[in-house]
Every structure is written in structure tokens, then in C-alpha cells.
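Subject: Structure handover

Hello,

Here is the structure I promised to pass on. Please open it first, then read my notes below.

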Amino acid sequence: MRTWKEIREDFPILKETVNNQPLVYLDNAATTQMPKQVIDCWVEHYTKYNGNVHRGIHTLAELSTAHMEAVRENVLGFLNAKDEGQIVFTSGATDSANLVAQSFLKQRLRPGDIVLTTELEHHANYVVWQQMCLECGAQFQVIPTIDGDLDMDAAEKMITENVKLLAVTAVSNVLGTIVDIQKLVKMAKRCGIPVFIDAAQALRHEAFDLSTLDCDFLGFSAHKMMGPTGVGCLFIRNKWLEEMKPYRYGGGMVDIVKEERTSFADVPARLEAGTPNYSGIIAFGAALDYLNEIGFERIYTREEELTAHAEQLLKDIPEVTVLGSPAHRAGVLSILVDGVHPYDLASFIDKFGAAVRTGSMCAQPIVRKYGAETVTRISPAFYNTNEELDKAAEILQNVIRLLKK
Ligand SMILES: Cc1ncc(COP(=O)(O)O)c(C=O)c1O
């Protein structure tokens, strides 16, 4: 078994310096870094077998197509969903949610119906449904939180037959809350409600088993799982495949085209108009192989240890408040610092080589719940070390001292 030290060596960017300081990269909830195995796969594709997919019958086109389709199978295997549904390639988690809204929900939503989401959501799993409700005259409702966890009693009451979709994140990108999605899905299924899971923050920590988690849709982004940007996936359960309407039109998604009418291909092709980001998808396949080789159980334990260490370090700084106290937290911690604006904080921290995120985290409702408009977020990944976290805490303390003078 390779040590974490050896695994860290796979990430060339972690050897970089920023502002003449060794980089301490702690913004993994925004995007993760790519190991050389993934970069090499991408370079190899462009160097050796680039050809547009599902179009040509020349060798390069066929090789590209075979590699891309192998990744689709790989993703289904990763989700343990080979018999459960299909994977549509998208540009990311945001695109996956928008696809469900346009292709599935829009045709079903009537005035007075309800779409239910939660206070923990990223805007990608919030504004999408809110706007669709406005368009269709439906009601947009939000399950509240208590201390960073979803209020499950409120959820139970709000999940009724009038709800036409429940959209929920598996992990909060602000508080790190690991949501009990299994319980929510069971509640929704009792009322026959389709469920969309936003797994954007979850899948870098753990693998899902869609043969036991009965969600209908699940979306995520490759760039948060050591893969490239511009690639995402949407899992669609078998029973909805026929119902999915094409929502973008063009090449690759049709069956027969005549002047008077067009018929469309089956899903996934029906929902993948135009040339997909096939080189990115192929590189994402290498990222999945990479994560699987390390093992998700090992990754989960490692991130749990790093997160617990980071949380303790932060709590030991008197000026720091860690937002929320969810029962289970993945590798995401947001903080407020007494008397210091988050933007000043992050820009000074950057001067010392550390990368942390500042802003509303594209999740204004939950940030506002803590009386703030902006926060600072620290999000470790398995390639980080305790020493880096110690260094980041030291930088934080120095910057606070500097800014409070
Ligand atoms: C929980 C969550 N959902 C959705 C997204 C959107 O992902 P993307 O911008 O890759 O589409 C993010 C990105 O930070 C996220 O954290």
C-alpha cells in the first residue's frame, strides 16, 4: 500500500510556491488538484488518439469513442448502478441540475405544486428550482436547519404528496454537513416523490451505492474528484429514461431528421447534443481509477482525521468561530473571525502561500443564517498533511494579529 507521502508526490502543483512561500492548498471544496496520472492520460489522448466521438469510423474516432464510453461504464460501476440507470455527461453539477429542471421537471410541474430543497444548498441546487417554480407557478419550499443539520422533523412534515421533486445536497459546501440522504430518500419514496441528489461535495470523500440509495437523479462534477473542469455526470434511474425530453438540440442526439419532423435518439445521446468534452471525460476516467486505487474507505478516514485536526486548531484560536456543529462533518470548515473582514483575511493569508476560499460560497441562504454575507472556508483533501494544517493555523493567527493592530 502506498503511503500518503508517496501519494502526495503524484500532485505536481503541490510542489509550487506562491508569493515565494510553499503552497498550502486548502481550497479543495472549490476544486481539487490533479495527479500526474490524470494529466498524463489527458496528454496521451491529445498526443495519440484524438478524434471526435460518435461521428467518424476512422481509427482515432473509434478509439476516442471507446475510451469515452468505457468511462460511462466506469462511472456506473463506481456508483454500483450498472442495472439501475444511465449516465449522461454534462459540464458539471450545475449543468446536471439544470438538465433535470428543463428535461424532466418542467413538463410535470403545475401551478400549486411544490419543489422542495434545503437551506444547506449551493445556488446550483437552489436557484435552479426556485426559477423553475416561478416559471411554472409552483411553490418553492426550503427545509430549515438547526445547528448545521437539517431539521428532520420539519422535513417529515414538508414532504407531502404535493411535492414534485426533492432536491438535496449530500454534503454542504459551507458547513461540511453530511446529510442523512438515505433517510430523506426513504421519506420521499413513501410519498412517491422523485429525488435529485447534489453529490458535488460528497464524492471526493466517499463512494455511493445506488443499488441501495433509491434516488432518481444524482449530479456531480469531475473537477472536485481530481478530474478536469468542464466535465460532470448526471445519473438517471431507468424508470425516467423515456420521459426525459431533449432540451438542447444539435448533432449526435437525433434519430431521423426531415424537414417536417425530427425523431430523437435514446438517452444518453438524446441529452448530449453537440461534441462532448470527451478528452476531459477520458481524463476523468483516469481520476476515478486513481481514487479507486487508493480506496474510498481509506480516503474517508484520512479526510476525517485531517478535518478533526483542522477543527481543533481553529477552535483553539479565540477570535475564530467555526460555523455550525453538524453531527457528521466532511472536509469543509467555514469560519468567521471577530473584528476581521474575510476578504482582508484571505488576501493576507494568500501572501503567506496558503489558498483558502472567501466569499458567500455560492450558498447565500446558509451563510446569511449565521449573520454573515462572506465567510472564509478551509477544505482539506487526502493529499494535505497535519503539518500543512498547523502551518495554516499559524498563518491565520499571525494575520489576525496583524489585522487587529
Ligand atoms: C454542493 C455543490 N453543488 C454544486 C456545485 C456546483 O458545481 P459546478 O460549479 O462544478 O457545477 C458546487 C460547487 O462548488 C457545490 O459545492
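What share of the contacts in the protein chain with a separation of 6 or more comes from residues 24 or more positions apart? The figure is 71%. Please keep in mind that this is a predicted model.

**Overall build**

The protein chain has 405 residues, and its radius of gyration is 22 Å. That agrees with a compact globule, because a globule of 405 residues would come out near 22 Å. Along the principal axes, the C-alpha trace spans about 75 × 55 × 35 Å. The secondary structure comes to twelve helices and 19 strands. Of the 405 residues, 47% are buried.

Where they meet, 25 residues of domain 1 are in contact with 24 residues of domain 2. On the domain 1 side, helix H9 (296-315), strand S16 (333-337) and helix H11 (364-369) each supply at least two of the touching residues. By class, that side of domain 1 has 17 nonpolar, five polar and three charged residues.

**Helix H8 and its surroundings**

Helix H8 has 17 residues. From its first C-alpha to its last it reaches 25 Å, close to the 24 Å expected at 1.5 Å a residue. Is H8 largely enclosed or open? It is largely enclosed by the rest of the structure, because 13 of its 17 residues are buried.

Phe-284 sits in H8. It is buried, with 30 other C-beta atoms within 10 Å. Not counting residues up to four places away in sequence, Phe-284 touches Val-71, Ala-222, Gly-227, Pro-228 and Val-231. Tyr-300 is 16 residues from Phe-284 in sequence. In space the two are 20 Å apart, C-alpha to C-alpha.

Just after H8, Gly-295 takes a positive phi of about 100°. The peptide bond from Val-267 to Pro-268 is cis, with omega near 15°.

**Two positive phi values outside glycine**

Asn-19 has a positive phi of about 50°, although it is not a glycine. It lies in the loop between strand S1 (17-18) and strand S2 (21-22). Asn-19 counts as exposed because it has 10 other C-beta atoms within 10 Å, and the cut-off for exposed is 12 or fewer.

Met-226 is not a glycine either, and has a positive phi of about 70°. Its loop runs between strand S11 (217-221) and strand S12 (232-237). Is Met-226 buried or exposed? Met-226 is buried, with 28 other C-beta atoms within 10 Å.

**Two more residues to look at**

Start with Leu-313, in helix H9. It has 20 C-beta neighbours inside 10 Å, so it counts as buried. Leaving aside neighbours within four places in sequence, Leu-313 is in contact with Leu-389, Asp-390 and Ala-393. How far apart in space are Leu-313 and Ala-393? Their C-alpha atoms are 6.4 Å apart, although 80 residues separate them in sequence.

Then go to Asp-180. It lies in the loop between strand S9 (163-169) and helix H7 (181-190). Asp-180 is partly exposed, with 18 other C-beta atoms within 10 Å. Asp-180 and Ile-114 are 66 residues apart in sequence. In space they are 21 Å apart, C-alpha to C-alpha.

Best wishes

Technical notes. Residues numbered from 1 in each chain as written. Predicted model: local features only at pLDDT ≥ 70, side-chain atom pairs only at ≥ 80, totals over all residues. Contact = placed C-beta atoms within 7 Å. Helix = DSSP H or I, 4+ residues; strand = E, 2+ residues; numbered from the N terminus. Nonpolar A, V, L, I, M, F, W, Y, C, P; charged D, E, K, R; others polar. Rg over C-alpha atoms; globule rule 2.2 N^0.38 Å. Expected span 1.5 Å × (residues − 1).
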